[in-house]
Amino acid sequence: MEKNLDSKGRWRNKTVAFRVSPEEAKQIDACVRLSGLSKQDYITKRLTCREVVVQGNPKVYKALRNQMTEIYGELKRLEKCSDENEELLSTLRLVAEILNGLKGEKE
């Protein structure tokens, strides 16, 4: 069996694989993007009950912005069904404006 030495000097020669539904895969991928970690590191930390600490960087910022945009779109769709979402939509608009403002500062 071939051994693989990772960047932290650990030998990683075991493969762990499992199947998930498309919905679960989408949720896992979103969590990985928002964490800023590699998928392997994210899943390893979660399965071993270690804390996932998000380190802010441009990749995490972009994933957060995209996730918020997706949530905002869904809330706008739901807005047609109920006026109870107005406070939540207002808060989300504010967060979106802040994120867009931060984007402008970085460019």
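Does C49 count as exposed or buried, and at what relative accessibility? At 72% relative accessibility, C49 counts as exposed, where exposed means over 50% relative accessible area, buried under 20% and partly exposed in between (1.4 Å probe, protein chains only).

## Basis of the report

This is a predicted model, in which local features need pLDDT of at least 70 and side-chain atom pairs count only at pLDDT 80 or more, while totals for chains, interfaces and linings use all residues. Residues are numbered from 1 along each chain as its sequence is written, and side-chain values use heavy atoms, with hydrogens and water left out.

## The loop between α2 and α3

C49 is found in the loop between α2 and α3; helices are DSSP runs of H or I with at least four residues, numbered from the N terminus. The phi of C49 is positive, near 60°, in a residue other than glycine. Most residues other than glycine have a negative phi.

T48 lies in this loop as well, α2 comprising residues 39-47. T48 counts as partly exposed because its relative accessibility is 45%. Its side chain reaches the backbone oxygen of T44 at 2.7 Å.

## Helix α1

Helix α1 covers residues 22-35, and its 14 residues should span 20 Å at 1.5 Å a residue; the end C-alpha atoms are 20 Å apart, which agrees. The expected span is 1.5 Å times one less than the number of residues. Within α1, A30, V32 and S35 are buried. Just after this helix, G36 takes a positive phi of about 80°.

## The largest nonpolar core

Six residues make up the largest nonpolar core: Y61, M68, L75, L89, L92 and L99. Helices α3 (58-79) and α4 (86-106) each supply at least two residues of this core. Such a core is a set of buried Ala, Val, Leu, Ile, Met, Phe, Trp, Tyr and Cys residues joined through side-chain atoms within 4.5 Å.

## The largest pocket

The largest pocket has a volume of about 500 Å³, taken as the space filled by probe spheres set on grid points joined across faces, edges and corners. On a 1 Å grid over the protein atoms alone, a pocket is an open set of points where a 1.4 Å probe fits, with protein on both sides within 12 Å along at least five of seven lines; lining residues have an atom within 4 Å of a point.

Of the 17 lining residues, V16, F18, Q40, I43 and T44 lie nearest the centre of the pocket. Helix α2 gives the largest share of the lining, five residues, and α1 and α2 each supply at least two. The lining divides into eight nonpolar, five polar and four charged residues; Ala, Val, Leu, Ile, Met, Phe, Trp, Tyr, Cys and Pro count as nonpolar, Asp, Glu, Lys and Arg as charged, and the others, Gly among them, as polar.

Methods: A polar contact is a pair of N or O atoms within 3.5 Å; within protein, one must be able to donate a hydrogen and the other to accept it, and residues adjacent in sequence count only if both atoms are side-chain atoms.
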